[in-house]
Amino acid sequence: KQWYQRRVRGIPWDLNTTPIQIKQSSEATGSFFGFDMYGNRAWWGAVVVRFEDEMARYYITDCTFEFTDLPVQPEGLQANPERIWTFSKTAESLTVSCNGVQLLEYEFSESEDSECATSSSWSGSLQDELGIRTGNINLGGYRAKPMMSD
C-alpha cells in the first residue's frame, strides 16, 4: 500500500473501521507525532506519542491526565528509529502497535477520567476525519493498515 504525505487536517477516515499506520523515520528527545480527530468539522480529540529520556510515552485526550510511559516499549528506541506505528480503535479501546508488536491496549472504561468512557468521541463513531501532527520528528507518511492479503 502507498504511503501518503502528512496532512494537518482533512484526511477522511473512520478509525473504528480502518486502523491507521504512521511511518516514523527519526526521533529525538522531546519529539512527538500523533493525530487529531475531527467529527462534523469540529476537533474532538488527539492521540500523541512523545519520546523522552529514551522512553516512548502516550497521551489520549479526555483519558490520560499526562503523558504516560507505554507499558511495552518499542525495541531499540535510539538505535533503530525506522518504525511503523499502527493505531486502531473500537468503542471500548484504543490499541497502539509498533512494527507488529502491541505496546498498548487502552480500555476507555479503565481511565481515571470519567469523560473517557462516557464521551461519544471515544465510545462512539463521531470521528470522520484525521490530521497528522508532528514535532521535531521525520515521518515517512501514513496509510491504512494493509489487510493480510495486501
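**Exercise 1. Find what share of the protein's 150 residues counts as buried, then describe its overall build.**

Step 1. Of the 150 residues, 45% are buried, where buried means under 20% relative accessible area with a 1.4 Å probe, protein chains only. A word on the model: it is predicted, so local features need pLDDT of at least 70 and side-chain atom pairs pLDDT 80 or more, while totals for chains, interfaces and linings use all residues. Residues are numbered from 1 along each chain as its sequence is written, and side-chain values use heavy atoms, leaving out hydrogens and water.

Step 2. Helices (H or I, at least four residues) and strands (E, at least two) are DSSP runs, numbered from the N terminus.

**Exercise 2. Work out which strands stand at the edges of the open sheet.**

Step 1. Write down the order: E9-E8-E7-E2-E11, with antiparallel pairing. Two strands pair if DSSP finds at least two bridges between them.

Step 2. Strand E9 (101–107) and strand E11 (139–144) each have a single partner strand, so one side of each is left without a neighbour in the sheet.

Step 3. Look inside the sheet: E2 (residues 20–24) and E7 (residues 83–89) pair over 5 bridges in the antiparallel sense, and isoleucine 20 stands opposite phenylalanine 87 in E7.

**Exercise 3. Identify the strands that bridges join to E10, and say how covered E10 is.**

Step 1. Strand E1 (residues 11–12) runs antiparallel to E10 and is joined to it by 2 bridges; here isoleucine 11 has leucine 130 as its bridge partner.

Step 2. Strand E3 (residues 32–39) is also antiparallel to E10, with 7 bridges, and phenylalanine 32 stands opposite glycine 135.

Step 3. E10 (residues 129–135) is mostly covered, with 5 of its 7 residues buried.

**Exercise 4. Sort the lining of the largest pocket into nonpolar, polar and charged residues.**

Step 1. Find the lining, which includes Tyr58, Cys63, Phe65, Tyr106 and Glu110.

Step 2. The division is 4 nonpolar, 3 polar and 3 charged. Ala, Val, Leu, Ile, Met, Phe, Trp, Tyr, Cys and Pro count as nonpolar, Asp, Glu, Lys and Arg as charged, and the others, Gly among them, as polar.

Conventions. Buried means under 20% relative accessible area, exposed over 50%, partly exposed in between (1.4 Å probe, protein chains only). On a 1 Å grid over the protein atoms alone, a cavity is a set of points where a 1.4 Å probe fits but cannot get out, and a pocket is an open set with protein on both sides within 12 Å along at least five of seven lines; lining residues have an atom within 4 Å of a point.
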